[in-house]
Amino acid sequence: EVYFKNLSKQKQKEVMEKNGNNHKLRVCVATCNRADYSKLAPIMFGIKAEPQCFELDVVVLGSHLIDDYGNTYRMIEQDDFDIHTRLHTIVRGEDEAAMVESVGLALVKLPDVLNRLRPDIMIVHGDRFDALALATSAALMNIRILHIEGGEVSGTIDDSIRHAITKLAHYHVCCTRSAEQHLIAMCEDHDRILLAGCPSYDKLLSAKNKDYMSVIRMWLGEDVKTRDYIVALQHPVTTDIKHSIKMFELTLDALISFNKRTLVLFPNVDAGDKEMVRVMRKKGIEHHPNFRAVKHVPFDQFIQLVAHAGCMIGNSSCGVREVGAFGTPVINLGTRQTGRETGENVLHVRDADTQDKILHALQLQFGKQYPCSKIYGDGNAVPRILKFLKSIDLKEPLQKKFCFPPVKDNISQDIDHILETQSALAVDLGGTNLRVAIVSMKGEIVKKYTQLNPKTYEDRLALILKMCVEAASEAVNVNCRILGVGISTGGRVNPREGIVLHSTKLIQEWSSVDLRTPISDALHLPVWVDNDGNCAALAERKFGHGKGIENFVTLITGTGIGGGIVHQHELIHGSSFCAAELGHIVVSLDGPECLCGSQGCIEAYASGIALQREAKKLHDDDLLLVEGMSMKEEEIVSAAHLIQAAKLGNTKAESILRTAGTALGLGVVNILHTVNPSLVILSGVLANHYVNAVKDVINRQALSSVKTVDVVVSNLADPALLGAASLVLDYTTRRIY
């Protein structure tokens with residue numbers, strides 16, 4: 001880590017020397033509309049905060065300067081930015097030709113501005129036709145271009161414009177791993193691509209807890225409650241204007257029928273926007289008691305509105321990108337965002353011929369709360385972008401280089417920019433200790449934290465949150481990108497809801513506990529929860545002996561006995577999430593009492609607790625210690641003492657371990673006869689002591705057709721943490737409905 005940091009500092013120093021120690025990078029940021037300013041503003045604030053490194057020039061054009069769209073250039077002035085140039089570039093019209101003429105007008109006006117400013121680099125955002133004019137002008141005037149949010153896929157003409165800007169741009173800042181791979185596949189130089197995340201997330205992830213009720217009342221009325229209103233934002237689709245107008249009519253009809261307070265924002269300046277406004281007025285939206293129609297909402301306030309809405313509906317990219325950070329339900333209409341990566345909070349209505357389908361979607365989504373998603377950012381984009389800008393060497397040739405053929409899928413970023421590893425936060429809730437770790441995609445435990453597990457629910461949850469927040473903060477320092485949180489815990493777990501249904505007696509006050517919601521809300525990350533035995537099986541499937549095996553069983557031999565079953569590559573949970581409670585297979589009708597209340601379970605014979613119980617009996621009868629053993633007076637008798645005694649020839653200890661191994665072996669035989677796996681993996685601290693006994697019982701007791709099963713000892717050092725991590729690393733692909 002120190003090496004990487006020093007190398008990065010040395011690189012920046014060399015770049016400064018090449019560019020001239022006193023030379024500040026002159027950056028021109030051009031913003032065209034309210035949407036792109038929300039992404040560019042955090043970068044602009046970052047540039048302004050480092051006057052020793054940068055000079056900032058702001059150019060405003062497009063719909064910022066149109067009264068019908070709120071004269072949104074004023075919010076730039078309110079943010080205390082000096083606007084160097086205002087360019088009126090929008091040609092008013094209602095068809096595609098108006099957009100073409102607007103691009104032409106911008107191309108006529110921009111050269112004079114760029115000649116006067118002479119920036120070292122121009123920052124251009126997104127996929128609007130105004131941005132295409134900016135990129136074209138800068139490229140033809142030999143000005144370096146940094147393109148924000150390239151490589152994404154959304155459908156409609158926006159894709160073509162976005163990719164055209166990519167080919168003109170010299171440097172690229174993308175938001176997701178998929179976007180990065182798209183840029184590489186488009187033959188862009190990987191050294192000039194930065195996976196930073198969306199800049200707006202730097203503000204989003206710290207905004208939800210601010211005073212929001214005053215904002216909600218300002219825009220929707222005094223009587224509105226959180227989660228009881230809708231935000232609607234729909235734009236025309238320029239490749240199918242007629243259909244998008246029809247979809248907008250059906251949306252308004254559905255919203256009127258749904259009868260909830262709704263904030264409707266005016267659409268973007270695009271072909272078809274005027275017709276959409278006419279539809280709003282025809283239906284009386286501006287005067288309807290349930291509706292508030294507005295041209296513009298400042299971004300800070302818009303964040304609060306969508307964060308606490310019961311639902312957002314429309315086809316804005318904000319719905320599938322930013323809103324996921326709050327877990328707010330979204331209904332995405334039509335094809336305008338087809339191909340975007342989305343969180344599970346997004347329900348797609350691809351086509352609708354009546355209002356009924358949209359109304360049904362509203363009934364399904366309204367008022368729900370989904371896990372917070374960080375697909376598009378982790379709140380640290382701006383520091384990465386500023387570091388990237390500082391690394392640009394102005395003496396390098398301006399001519400772009402394309403990489404043919406595309407580089408390998410798994411190539412890492414240049415260390416002189418940012419080297420980040422996709423990782424998970426893994427949490428292991430044991431009977432004694434609470435552990436949190438940063439685990440990489442390859443199964444490397446990058447950093448681990450351990451604390452004693454508190455006895456009460458409140459203290460335990462508070463400690464989990466504290467440790468996870470510390471680990472997430474540390475992840476930035478060790479160049480890890482956290483994709484989510486995986487939790488391994490004892491007891492019966494509903495993994496679909498992230499709830500611990502019933503706990504083992506080893507963990508007190510741990511039943512009917514919702515783990516997903518508080519942790520997801522605190523970290524703005526998706527959270528997965530599962531039983532520790534299932535997690536051990538997942539760890540083997542991803543990192544251990546189970547990799548590539550279709551059917552196998554894992555048994556954990558530790559304080560208790562647990563396990564997981566993988567059948568046809570999938571983990572088996574059962575109808576009530578009670579599958580693979582392997583420690584409670586009964587192998588004797590009159591055996592010792594188990595912690596579950598039954599008798600003769602495997603766990604009552606072979607668990608660490610069972611061995612400790614038998615060791616204490618021997619010790620109380622003065623039959624445990626043999627020559628070569630000693631115990632301090634205050635030392636607690638444990639299973640380790642029993643194993644040590646057996647190794648030193650204590651026949652009674654040997655008999656107890658033999659019985660325990662036989663009980664475990666009989667349980668394995670029952671498993672073989674029930675699910676017929678091709679592999680049995682013994683995991684945990686007692687696995688090595690039991691493996692030969694289990695194989696012997698299989699040879700004696702099992703049917704001949706299953707005697708050939710492989711029985712192996714796990715080679716994973718920490719299956720619980722690795723299994724919790726694999727919950728995240730295997731399931732970070734979001735669902736699309």
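Which strands does helix α18 lie across, and at about what angle does α18 run to β21? In this predicted model, helix α18, covering residues 532-543, lies across β17 and β21. Its direction is at about 105 degrees to that of β21.

Both of these strands belong to an open sheet of five strands, whose order is β16-β15-β14-β17-β21 and whose pairing is mixed. At the edges are β16 (445-452) and β21 (527-531), each of which pairs on one side only. With direction ignored, neighbouring strands of the sheet are turned by 20 degrees against each other on average. Within the sheet, strand β14 (residues 421-429) and strand β17 (residues 480-489) run parallel and are joined by eight bridges. A residue-level handle on this pairing is Asp428, whose bridge partner in β17 is Ser488.

Aromatic contacts come next. A pair of aromatic rings is described by the distance of the centres and the angle of the planes. The count of aromatic pairs in the model comes to three. One of them is formed by Phe45 and Phe81, a tilted pair with 4.8 Å centre to centre and 50 degrees between the planes. Phe45 lies in helix α2 (residues 34-48), while Phe81 sits in the loop between α3 (73-78) and β3 (83-87), so the pair ties together parts that are 36 residues apart in sequence. The two partners can also be described by their accessibility: Phe45 counts as partly exposed because its relative accessibility is 34%, whereas Phe81, at 4%, counts as buried. Phe81 has a further neighbour in Lys48, which lies over the face of the ring at 5.2 Å from the ring centre.

Tyr171 and Phe388 form another aromatic pair, this one edge-to-face, with 6.2 Å centre to centre and 85 degrees between the planes. Tyr171 belongs to strand β6 (residues 171-174) and Phe388 to helix α15 (residues 381-390), so this pair ties together parts that are 217 residues apart in sequence. Tyr171 is buried, with a relative accessible area of 4%. Phe388 also counts as buried, at 3% relative accessibility.

At 28% relative accessibility, Pro111 counts as partly exposed. The C-alpha atoms of Pro111 and Ser137 are separated by 6.6 Å, and the two residues are 26 residues apart along the chain.

An unreviewed UniProt entry places the feature "binding site" at His584, Cys594, Cys596 and Cys601. These residues span 18 residues in sequence, yet no two of their C-alpha atoms are more than 8.8 Å apart, so they gather at one spot.

How do the accessibilities of two of these cysteines read? Cys596, in the loop between β24 (570-571) and α19 (602-606), is partly exposed, with a relative accessible area of 45%. Cys601 is likewise found in the loop between β24 and α19, but counts as buried because its relative accessibility is 1%. Leaving aside residues up to four places away in sequence, Cys596 touches His584 and Cys601. With neighbours within four places set aside in the same way, Cys601 is in contact with Gly583, His584, Ile585, Val586, Cys594 and Cys596.

Technical notes: Residues are numbered from 1 along each chain as its sequence is written. This is a predicted model: local features need pLDDT of at least 70, side-chain atom pairs count only at pLDDT 80 or more; totals for chains, interfaces and linings use all residues. Side-chain values use heavy atoms; hydrogens and water are left out. Two strands pair if DSSP finds at least two bridges between them. Helices (H or I, at least four residues) and strands (E, at least two) are DSSP runs, numbered from the N terminus. Axes are lines fitted to C-alpha atoms, for helices over the stretch in contact, and angles run from 0 to 180 degrees between N-to-C directions. Contact means heavy atoms within 4.5 Å. Buried means under 20% relative accessible area, exposed over 50%, partly exposed in between (1.4 Å probe, protein chains only). Rings of Phe, Tyr and Trp (its six-membered ring) pair if their centres lie within 6.5 Å; planes under 30 degrees apart count as stacked, over 60 as edge-to-face and the rest as tilted. A charge sits over a ring if NZ of Lys or CZ of Arg is within 6 Å of the ring centre and within 35 degrees of the ring normal. UniProt positions are given in the numbering used here, feature names are shortened, and annotations may be inferred rather than shown by experiment.
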